[in-house]
Amino acid sequence: MEIDTKTNVHNLGPATRIPIGEGRTFYAGGQEIAVFRDRKRRVYATQGWCPHRFGPLADGLVGNGEVVCPLHGYRFDLRSGVPKGHACETIRTFPVSLNETGEILLTLEER
Ligand code: FES
């Protein structure tokens with residue numbers, strides 16, 4: 001992993017390592033970060049663990065701009081982290097994009 005310490009941007013490598021519609025856990029800045037890729041090949045990044053009972057969010061399903069926690073099915077908006085249809089706390093989300101060669105660029109500042 002390459003890190004630009006001036007901008008706090010972490011290059012997590014090729015997005016193709018994340019299957020479409022799924023997520024993967026990365027370790028960056030001492031944190032577990034879940035990075036997702038949707039069917040339109042957009043990428044999203046959130047905290048790694050569900051605030052309900054610590055479900056691994058990267059193992060959740062992705063669709064309609066949401067992730068569904070694999071443990072109890074709670075849904076969260078992938079851009080804002082806002083819970084959908086339940087009262088769990090908002091999850092942290094992080095700016096993430098792809099560079100010109102399709103590598104994931106994660107900035108470790110919350111949106
Ligand atoms: S741990 Fe995520 S919904 Fe329960």
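Buried residues make up 32% of the 111 residues in this protein chain. By buried I mean that 20 or more other C-beta atoms lie within 10 Å of the residue's own; exposed is 12 or fewer, partly exposed is in between, and C-beta atoms are placed from the backbone. Please keep in mind that this is a predicted model: local features need pLDDT of at least 70, side-chain atom pairs count only at pLDDT 80 or more, and totals for chains, interfaces and linings use all residues. Residues are numbered from 1 along each chain as its sequence is written.

Let's stay with the whole chain for a moment. The protein chain has a radius of gyration of 13 Å, which agrees with the value near 13 Å for a compact globule of 111 residues. That radius is taken over C-alpha atoms, and the globule rule is 2.2 Å times the number of residues to the power 0.38. Along the principal axes, the C-alpha atoms fill a box of roughly 35 × 25 × 20 Å. Now to contacts, where two residues count if their C-beta atoms, placed from the backbone, lie within 7 Å. Among contacts in the protein chain with a separation of 6 or more, 38% are between residues 24 or more positions apart.

So what about secondary structure? The protein chain comes to zero helices and 12 strands. Both are DSSP runs, numbered from the N terminus: helices are H or I with at least four residues, strands are E with at least two. When I say that two strands pair, DSSP finds at least two bridges between them.

S3, S4, S5 and S10 form an open sheet in the order S3-S4-S5-S10, with antiparallel pairing. S3 and strand S10 (93-94) stand at the edges with a single partner strand each, so one side of each is left without a neighbour in the sheet. S3 and S4 run antiparallel and are joined by seven bridges, and Phe26 stands opposite Ile33 in S4.

A nonpolar core here is a set of buried Ala, Val, Leu, Ile, Met, Phe, Trp, Tyr and Cys residues joined through C-beta atoms within 7 Å. Which members touch the most others in the largest nonpolar core? Of its 26 residues, they are Ile33, Ala34, Val35, Phe36, Ala45, Val96 and Leu106. Two or more residues each come from strand S2 (9-14), strand S3 (22-28), strand S4 (31-37), strand S5 (43-47) and strand S12 (103-107). The largest share of this core, four residues, is from S4.

Next, have a look at S12. In a regular strand the side chains alternate between the two faces of the sheet. S2 and S12 run antiparallel and are joined by five bridges, with Ile104 in S12 as the bridge partner of Gly13. Strand S11 (residues 96-98) also pairs with S12 in the antiparallel sense, over three bridges, and Leu106 is the bridge partner of Val96. The hairpin of S11 and S12 has four residues between the strands, and in this hairpin Gly102 takes a positive phi near 85°.

The other open sheet I'd like to show has four antiparallel strands in the order S6-S7-S8-S9. Its edge strands are strand S6 (61-63) and strand S9 (83-84), and each pairs on one side only. Strand S8 (residues 75-77) and S9 run antiparallel, joined by two bridges, with Arg75 opposite Lys84 in S9.

Asp77 lies in strand S8 as well. Asp77 is partly exposed, with 18 other C-beta atoms within 10 Å. Beyond residues up to four places away in sequence, Asp77 touches Gly65, Glu66, Val82 and Lys84. Between the C-alpha atoms of Asp77 and Ile33, 44 residues apart along the chain, the separation is 15 Å.

Last stop: Pro56, in the loop between S5 and S6. Pro56 also counts as partly exposed, with 16 C-beta neighbours inside 10 Å. Setting aside neighbours within four places in sequence, Pro56 is in contact with Thr25, Gly48, Trp49 and Pro70. From Pro56 to Gly23 the C-alpha distance is 9.9 Å, across 33 residues in sequence.
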